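Thank you for making the time this morning.

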Amino acid sequence: MLTHTVEEGSLPNRFRKLWDEIAPIGRDDRSGGYLRYAFTEPELRLREWFREQADLRDMPVVADGNGNLFAWWGDPDAGDAVLTGSHFDSVPHGGAYDGPLGIVSAWLAVDELRAAGVTPTRPLVVGAFVEEEGARFGVPCLGSRLLTGQIAADRAGGLRDAAGVSFAEALGDRPAGADPALLGRIAAFVELHVEQGRALVDQAAPVAVASAIWPHGRWRFDFTGEGNHAGTTRMVDRRDPMLTYAFTVLAANKEARLRDAHATVGRVAVEPNATNAIPSRVTGWLDARAAEPDTLTGLVEAVRTKVAERARRDGTEVTLTEESATPLVSFDGGLADRLAGLLDAPVLPTGAGHDAGVLAAHVPTAMLFVRNPTGVSHSPAESATDADCAAGVTALARVLEELT
């Protein structure tokens with residue numbers, strides 16, 4: 001017997017009530033952003049909240065052994081299921097909506113369907129994927145990559161955070177890895193997400209359907225030189241890797257602009273990290289994205305070539321390591337067109353990565369975007385109005401009814 005009923009009140013008010021249950025969890029009082037890293041206390045609280053919401057709706061939760069959670073409305077063994085959901089984890093001091101909006105909206109969409117007396121003819125699943133941002137263990141969409149076999153369980157289990165804790169240790173066991181049986185029971189995946197841009201503001205629309213995800217990846221540059229005293233080492237005698245690193249940031253910016261691509265160096269580690277010491281080692285991470293695969297390849301290669309030449313002049317050494325790469329993802333065209341027509345919504349590409357981009361190689365996949373009035377994401381300034389979030393819930397419920 002169901003233990004959850006839709007409460008009275010408008011959908012925006014019901015959205016706000018459910019949203020407020022998780023809004024304080026992991027919020028940093030200083031920045032206003034969120035610190036919800038995979039398997040840390042805030043994210044564990046959110047995972048427990050997920051289970052509570054599933055229990056309220058009499059939807060059994062199944063864990064896949066990789067850190068992903070799936071709540072089932074219908075028989076998990078029946079197959080032909082429609083999956084929706086997103087992730088809880090955040091980038092450092094990230095926004096509230098990136099990820100959790102898709103999960104909160106999924107629960108409310110289930111409520112809307114039940115209130116309307118809809119009985120799905122195939123299972124409906126609400127999912128929460130782990131480590132989508134890659135902020136703790138370095139590889140984005142780690143949970144969905146494990147599920148689909150895009151990363152080996154041994155490699156994923158050995159990934160370590162800044163404190164040296166491995167993913168396997170945080171998970172409590174070796175990751176289970178690819179699960180063809182589970183994937184085989186999923187017929188489609190729909191992920192709702194806050195828009196990470198301003199296209200919907202410009203088009204005066206609350207909801208859009210995604211067409212594609214740009215190819216993108218993360219590359220680690222390791223620069224080594226000679227640590228020495230800042231006050232006694234002549235400028236001409238220095239082998240300073242910080243100079244090579246600084247050149248790399250500027251080179252990446254220039255090459256991206258020349259190609260109408262995106263390049264960001266947003267993370268750096270310095271050794272020994274002392275004000276009065278010339279660094280002996282600098283590590284920087286490049287995030288690069290482009291509309292076409294060849295453009296992305298050309299961007300990274302141009303940066304690598306320029307940096308290698310600069311390192312020779314600086315008397316330093318540099319190595320480049322690809323940490324993750326995601327190819328161009330074109331969502332199921334027929335499904336996207338079908339949903340755009342159903343919702344009378346615009347169709348937009350995105351430069352951001354998502355679990356939907358990983359699942360798209362294995363099952364028909366679509367994404368819905370909810371308008372972000374600031375256009376800002378991965379920042380406390382990320383936002384969405386309750387009315388637009390409610391419109392997103394309504395759109396998701398219509399899509400789920402159509403697909404189930």
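What you see is a predicted model, with a chain average pLDDT of 94 and 98% of the residues scoring at least 70. The exception to keep in mind is residues 1–6, where the pLDDT is below 50, although this stretch has 13 contacts in the model beyond near neighbours in sequence.

Four strands, in the order 9-11-7-12, make up an open sheet with antiparallel pairing, and its edges are strand 9, residues 262–271, and strand 12, each of which pairs on one side only. On average, neighbouring strands here are turned by 15 degrees against each other, direction ignored.

Helix 9, residues 241–259, lies across strands 7, 9 and 11 and runs at about 170 degrees to strand 9, whereas helix 10, residues 293–314, touches strands 7, 9, 11 and 12 and makes about 5 degrees with the direction of strand 7.

Finally, the second largest pocket holds about 310 Å³ of space. It is lined by 17 residues, of which F137, G138, R160, R267 and W285 are the closest to its centre. By class, the lining comprises 8 charged, 6 nonpolar and 3 polar residues, and strand 12, residues 317–326, supplies the largest share, with 3 residues.

Key:
Residues numbered from 1 in each chain as written. Predicted model: local features only at pLDDT ≥ 70, side-chain atom pairs only at ≥ 80, totals over all residues. Heavy atoms only, no water. 1 Å grid on protein atoms, 1.4 Å probe; cavity = no way out; pocket = protein on both sides within 12 Å on 5 of 7 lines; lining within 4 Å. Points joined across faces, edges and corners; volume = space filled by probe spheres on them. Helix = DSSP H or I, 4+ residues; strand = E, 2+ residues; numbered from the N terminus. Nonpolar A, V, L, I, M, F, W, Y, C, P; charged D, E, K, R; others polar. pLDDT = per-residue confidence, 0-100. Contact = heavy atoms within 4.5 Å. Pairing = 2+ DSSP bridges. Axes fitted to C-alpha atoms, helices over the stretch in contact; angles between N-to-C directions.
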